[in-house]
Amino acid sequence: MGRSEELFEQAIKVLPGGVNSPVRAYRAVGMAPRFITRADGPFIWDEDGKQYIDYVCSWGPMILGHNHPVIREAVEKAVKDGLSFGAPTRREVEIAQLMVDLVPNIEMVRMVNSGTEAVMSAVRLARGATGRDKIIKFEGCYHGHSDCLLVNAGSSALAGGHPSSAGVPEDIVKHTLTAQFNDLSSVEALLDAWSGQIACIIVEPVAANMGVVGPAPGFLEGLRKLCDKSGALLIFDEVITGFRLALGGAQAYFGVKADLVTFGKIIGGGMPVGAYCGSRALMEQVAPCGPVYQAGTLSGNPVAMAAGLAQLTYLKEHPEVYTDIAAKGEQLAAGLRQAIAKTGAPVVVNQIGSLLAPFFTPTAVTTFVDAKGSDVGKYAKYFQGMLERGVALAPAQFEAMFVSAAHGEAELQATLDAAEEVFRSL
Ligand code: KE4
């Protein structure tokens, strides 16, 4: 028994499922999770000292790779001045200004401590600003674990068999309406049925919690038009796509304007940070300026802000990161498709920029229904085969692979060599 297995035996006695976030428990891939001791660049190491090429990248924050010196040094410097003051600090102003400068269509930022908090608060603001209760989300999209969003959710809620969570009262669930990603008619039907009652439509501009499924041509533009016509606000949940698809995120990448935008992951540089952003007219309805309440003890934490500011500043000063990681995503996707062709494995690969996902199905995946048709048992075998060969992927089908600037030619080729061997064995 390895040290991860030993630790896991202890962990399940004191942590539900042995983890602090369900997907990490490796239940969807049928083995004990690897307990990680350290990370650097494209690599992580487990308790037995085994090295892996890492494509989880802390679920997105590590766009520059792990332990980047610029971010580490910013945190080491900030820590010396204290961990938390519960008072405004210079860095909060600096990172908010930087985000306003880089992200289209936002004038103000409110920092929180997670993507969940960002989305929960943005939905509350949309409801407060419109005076409407109903919201539209998409089946298979995941927006964190706040009550009103745990309806037909993706990610580990889906993989774990509970896309709609227990413990969420019907009185809350009834206000969350579900449409189908890439199907504008399903949205129109809900807007017609609940005319004048929809506060917002919330969407992952690239669905990255059902595997990776991009927006069909015209889909996001169609949502914009439907929001303009119905008076609903359009919320882009950019916790994954923000500062990943482009410096300006999905709004810049696809050229579609959202009314509110949520962030997490990359803006924290690996520390706990989320944010919701929008126009002054909307954001000044949030306390203490307006009647929509939201607060947080550690919101804008000085050490977390130092990490986020360092990462966003680096990305602003090195825009070549985006062409680099997109090219690496394309290289991986092309290489996986070659391996699929060589081996005849029943797999398709979706890729957008540095986000990609293999689906274990022979047919194209452009909707959630298609994604659900993937053979999750085959994915589990693929995951285990890749892990044995030193490649750490998302431990569930309904997730994304994240490529970082630290993944080099050697790592990409090793990944593709391993994938060909594993595809052959399936
Ligand atoms: P957090 O509360 O986990 O920081 O963010 C929630 C969230 C919101 N919106 C989107 C689009 C997200 O992908 C997430 C969280 N992503 C998952 C990965 N699928 C985090 C991993 C986990 O749950 O442990």
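**A predicted model, strand by strand**

Biologist: Which residue in E13 is the bridge partner of Ile53?

Modeller: This is a predicted model, with local features needing pLDDT of at least 70, side-chain atom pairs 80 or more, and totals for chains, interfaces and linings using all residues. Residues count from 1 along each chain as its sequence is written, and side-chain values use heavy atoms, without hydrogens and water. Strand E3 (residues 51-54) pairs with E13 in the parallel sense over two bridges; strands (DSSP E runs, at least two residues) and helices (H or I, at least four) are numbered from the N terminus, and pairing takes at least two DSSP bridges. In E13, Ile53 is partnered by Val391.

Biologist: Which strands stand at the edges of that sheet?

Modeller: The open sheet has four strands in the order E1-E2-E3-E13, with mixed pairing. Each edge strand has a single partner, so one side of each lacks a neighbour in the sheet. The edges are E1 (36-40) and E13 (391-392).

Biologist: What caps the N-terminal end of H4?

Modeller: Helix H4 covers residues 115-130 and is followed by Gly131, with a positive phi near 70°. A side-chain oxygen lies 3.4 Å from the backbone nitrogen of Thr116. The capping residue is Ser114.

Biologist: Are Phe138 and Phe219 buried or exposed?

Modeller: Their rings form an edge-to-face pair, 5.6 Å centre to centre and 70° between planes (centres within 6.5 Å, planes over 60 degrees apart). Phe138 belongs to strand E5 and Phe219 to helix H8, 81 residues apart. By relative accessible area (buried under 20%, exposed over 50%, 1.4 Å probe, protein chains only), both are buried.

How values were computed. Expected span 1.5 Å × (residues − 1). Polar contact = N/O pair within 3.5 Å; in protein donor to acceptor, adjacent residues only side chain to side chain. Phe/Tyr/Trp six-rings, centres within 6.5 Å; stacked < 30°, edge-to-face > 60°.
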